[in-house]
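Please keep the sequence and the model in view while reading.

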Amino acid sequence: MALIECEHLSHVYMQGTPLETVALSDVSLSIDEGEVVGLIGPTGSGKSTLVQHFNGLLKPTSGSVRVAGVDLAAKGADLRQIRRHVGLLFQFPEYQLFEETVAADVAFGPRNLGLQDAEVRERVDDALELVGLDPAAYGPRSPFSLSGGEMRRVAIAGVLAMGPQVLVLDEPAAGLDPRGKEDILGQIRTLQQQRGLTVVIITHSMDEAAQMVRRLIVLDGGHVFLDGPVRAVFERSAELRSIGMDLPAVPRLMQRLKSRGLAVRTDVLTVDEARTEILRVLQWN
Ligand code: ADP
């Protein structure tokens with residue numbers, strides 16, 4: 001079932017001024033419940049603008065956005081309810097932590113929903129556990145005593161505590177060291193598997209996309225440039241290169257081998273798959 005549907009969506013910033021910028025132009029797409037989608041494209045291609053339409057933070061200049069069947073521009077559309085369903089995490093969300101303790105920070109959203117204390121506490125514990133932080137150990141600590149990766153998890157927990165159906169993450173691994181990156185991406189995968197959340201991840205990294213998602217939407221200049229299964233998108237390497245995007249390391253290697261005469265499949269994503277495929281072609285196994 002389609003959870004998010006954009007039809008002919010366009011967004012123009014500062015319309016009618018000399019600074020007018022067309023950020024999105026005629027974008028039509030649909031994201032189903034439970035899908036894990038990567039949104040990729042060069043800087044300025046419209047990724048952040050697009051996701052801010054998913055919970056009504058931005059309004060279409062033209063076209064429409066529907067979430068769970070509700071047209072966000074309709075009179076009487078309950079945007080507070082929509083924002084609860086679609087949790088949006090901006091880049092470096094840990095900068096928005098501000099309470100004295102981790103537990104108080106994660107409780108901020110649910111408390112604003114007017115929930116009872118016991119329900120708030122339950123949601124806080126549940127959300128911290130979901131991001132792999134022990135509530136008893138981390139709850140009382142100051143967020144500012146944590147590592148960068150832990151702070152980011154607390155920020156994610158704050159959104160999860162609202163009980164969203166959709167989680168939208170803008171560059172969730174940006175600025176973390178390789179270990180922190182691997183941890184946070186693993187955590188998001190687990191979340192998706194355990195809760196069946198619909199996840200939209202903005203990334204500029206093709207390698208991250210290859211690891212994380214099954215479907216990729218590639219934006220360029222405010223348009224949908226490609227939209228399909230990751231493997232199919234990576235097959236279009238020449239088109240991707242034309243907009244300054246390169247393939248992840250593994251498919252890039254396979255395409256090079258193929259161009260040098262080794263008849264390998266190129267729709268391969270992981271090192272293990274590459275190994276099997278190369279051995280198959282060399283008939284060593
Ligand atoms: P991305 O997330 O892919 O980098 P953005 O959605 O941030 O792309 O930006 C798309 C276009 O809209 C860019 O040309 C950018 O300069 C412009 N833009 C983004 N935010 C604003 C804003 N608040 N005011 C004016 N122009 C903006």
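Helix α3 is followed by G114, whose phi is positive, near 80°. The model is a predicted one, in which local features need pLDDT of at least 70 and side-chain atom pairs count only at pLDDT 80 or more, while totals for chains, interfaces and linings use all residues. Residues are numbered from 1 along each chain as its sequence is written, and side-chain values use heavy atoms, with hydrogens and water left out. Helices (H or I, at least four residues) and strands (E, at least two) are DSSP runs numbered from the N terminus.

The buried residues of α3 (buried: under 20% relative accessible area, with a 1.4 Å probe and protein chains only) are V102, D105, V106, A107, G109 and P110. Among the elements that cover these buried residues are α4, α5 (135-138) and α6.

V120 belongs to helix α4, which spans residues 117-130. Its relative accessible area is 1%, so V120 is buried. Beyond the residues up to four places away in sequence, V120 touches A107, P110, R111 and L115. The C-alpha atoms of V120 and M162 lie 9.6 Å apart in space, although the two residues are 42 residues apart in sequence.

**The largest pocket**

The largest pocket has a volume of about 740 Å³. Of the 25 residues that line it, F108, G109, G158, V159 and M162 are the closest to its centre. Two or more lining residues come from each of α2 (79-85), β6 (86-89), α3 (102-112) and α6 (148-160). Helix α3 gives the most, with 5 residues.

A pocket here is an open set of points, on a 1 Å grid over the protein atoms alone, where a 1.4 Å probe fits, with protein on both sides within 12 Å along at least five of seven lines; lining residues have an atom within 4 Å of a point. Points are joined across faces, edges and corners, and the volume is the space filled by probe spheres set on them. By class, the lining has 15 nonpolar, 6 polar and 4 charged residues. Ala, Val, Leu, Ile, Met, Phe, Trp, Tyr, Cys and Pro count as nonpolar, Asp, Glu, Lys and Arg as charged, and the others, Gly among them, as polar.

**The ligand site**

The residues around the ligand (a heavy atom within 4 Å) include Y13, M14, T21, A23, P42 and K47.

| Residue | Atom of the residue | Distance to a ligand oxygen atom |
|---|---|---|
| G44 | backbone N or O | 2.8 Å |
| G46 | polar backbone atom | 3.0 Å |
| T49 | polar side-chain atom | 2.5 Å |

**Two buried threonines**

T266 sits in the loop between α11 (249-259) and α12 (271-282), and at 12% relative accessibility T266 counts as buried. The side chains of T266 and E235 are joined by a polar contact of 2.7 Å. Apart from neighbours within four places in sequence, T266 is in contact with E235, P251, M254, Q255 and K258.

T198 is found in strand β8 (residues 198-202) and is buried, with a relative accessible area of 1%. A polar atom of the T198 side chain lies 2.7 Å from the backbone nitrogen of G34. Residues that T198 touches, not counting those up to four places away in sequence, include L3, I31, G34, Q165 and L167.

Conventions:
Buried < 20%, exposed > 50% of the residue type's maximum accessible area, 1.4 Å probe, protein only. Contact = heavy atoms within 4.5 Å. Polar contact = N/O pair within 3.5 Å; in protein donor to acceptor, adjacent residues only side chain to side chain.
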